[in-house]
Amino acid sequence: MRASLFTNINTETFVAGLDVRAKLLICIAGSVASIILSSPLSLGLILGLSTILAFGAARPGTIMKAYCFGLLMMFIAMGCTALIGLAVPSLMRWNFVSLTVPFLRMLVSINLLLMLALSTPVQELFNRLRMARLPTWLQIPLSVAIRFIPTFLEDCAQIRDAARLRPSRGLTGLWRGMVVPLLFRVLYSADDLAMAAELKGISTAGQAGGEALPGLGQRDFVMLTLTVVAFCAAIALQHFGPRFTPLPM
Amino acid sequence: MPPLVVDGEASAYRRTHWTTRELVTIGVFATIIKASTIMLAYAGGGMNPVTLAAKNCLYATLMIVLLHKVPRTWTMTLAVGITSLISLLLMGQGILHGPATVVACLLGEGAISMLGGYGRTRNIVVGVMVAEIASKAAGLGLSWLVMREQPGMLIVATVFVAIGAIGTFLGSITGIRFMKELRHAGIIIH
């Protein structure tokens, strides 16, 4: 099984040393903050901190590639918006706040996404889930799902290679050459996996107790405290900081 | 009305507990829903309307097949919940949209129950459509929260959501066609 869905994972950084639960809590706090905040200064503070976390999670080159992709998406969205603005000018607000704030929110989301995705090996995540003693109806499908992703990607590659040998092209070719065989294969794989699970004694009656979930470390608590402080500071900055009046552009 | 006893075991319509087979099938389908939609999104570059519609078409098709394979209450909610959890755990995505999608699935499940249960393809298709429409409405609400300072961008989001809805409608048609094929092949029996 591959270590991660992402090939550029770096497990020796400061952020990679944090517990998965701490990283998830930071992500949730960042996402909620980006939604409720609307001041460019407050969002700038959250953006700065999330950028530090993103750069602490992976090599700068990887982060820069992801930024380029994100910025491209943003510029396409801006272009579409500008076109709509030409047709219906009353919908567009060409001022500093209305142009900056949505993009600051998106950049915060991108940073948090990169921080979690580029610093968490799937195996570690799987171990944590196993230790968390989730209910069986949640644990079995979740474990199957995480384990099955690389197998499914390999199946896709094989079916794609087989599809190249067929003469049909276009949407019909895609449907007959990729989608239908893939679905049939998945249905058979589901049956095989279920049979294997039953033969191995995995059942909904419950699993034997394994390792207990370890507590959060000192580093995790420090990071979570800093997150709470940053969250409160951003809210305070929004309420008591300078107000931005819309500047016409 | 579906049979209450199949091979000496209570039918899925009546049982209250999950079997390992059902849970594994839900896990496998959650994987392919997530992986195939991500692959299509990357292949199309995110803002490509064709791949956006194809993504939704595939999602609806797979969901209809799953609900025929595991025809019982909570299947859709569990599958979508698992998909959202994968997005959250592996990619940090959908922290706010995930719960909204699960609520949308509950609406879809409610619609299926009101129409008479999972025994008929029509009910399942309607349930998937209801869940998708509710999910897209929730997505638009969240888009408004993110882009509230720039309402023009919300129109772009609305256009893309509408394209996705067309894909879902096409997916319900392909789902029905798929079910005919799978019944013909003897893979799904009811």
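Reader: How many aromatic pairs does the structure hold over all chains?

Author: The structure, a predicted model, holds 1 aromatic pair over all chains.

Reader: What makes Phe55(A) and Tyr67(A) a pair, and why is the pair called edge-to-face?

Author: The ring centres are 6.1 Å apart, and the cut-off for pairing is within 6.5 Å. The planes stand at 70 degrees, and angles over 60 count as edge-to-face. The pair is therefore edge-to-face.

Reader: Which parts of chain A does the pair tie together?

Author: Phe55(A) belongs to helix α2 (residues 40-57) and Tyr67(A) to helix α3 (residues 60-87), so the pair ties together parts that are 12 residues apart in sequence.

Reader: Why is Phe55(A) called partly exposed?

Author: Its relative accessible area is 32%. Buried needs under 20% and exposed needs over 50%, so Phe55(A) is partly exposed.

Reader: How do you know whether Tyr67(A) is buried or exposed?

Author: Tyr67(A) has a relative accessible area of 14%. The limit for buried is under 20%, so Tyr67(A) is buried.

Reader: What makes up the secondary structure of chain A?

Author: Chain A has 8 helices and 0 strands; along the sequence the pattern reads α-α-α-α-α-α-α-α.

How values were computed. Residues are numbered from 1 along each chain as its sequence is written. Chains are lettered from A and ligands numbered from 1 in the order in which they are written. This is a predicted model: local features need pLDDT of at least 70, side-chain atom pairs count only at pLDDT 80 or more; totals for chains, interfaces and linings use all residues. Side-chain values use heavy atoms; hydrogens and water are left out. Rings of Phe, Tyr and Trp (its six-membered ring) pair if their centres lie within 6.5 Å; planes under 30 degrees apart count as stacked, over 60 as edge-to-face and the rest as tilted. Helices (H or I, at least four residues) and strands (E, at least two) are DSSP runs, numbered from the N terminus. Buried means under 20% relative accessible area, exposed over 50%, partly exposed in between (1.4 Å probe, protein chains only).
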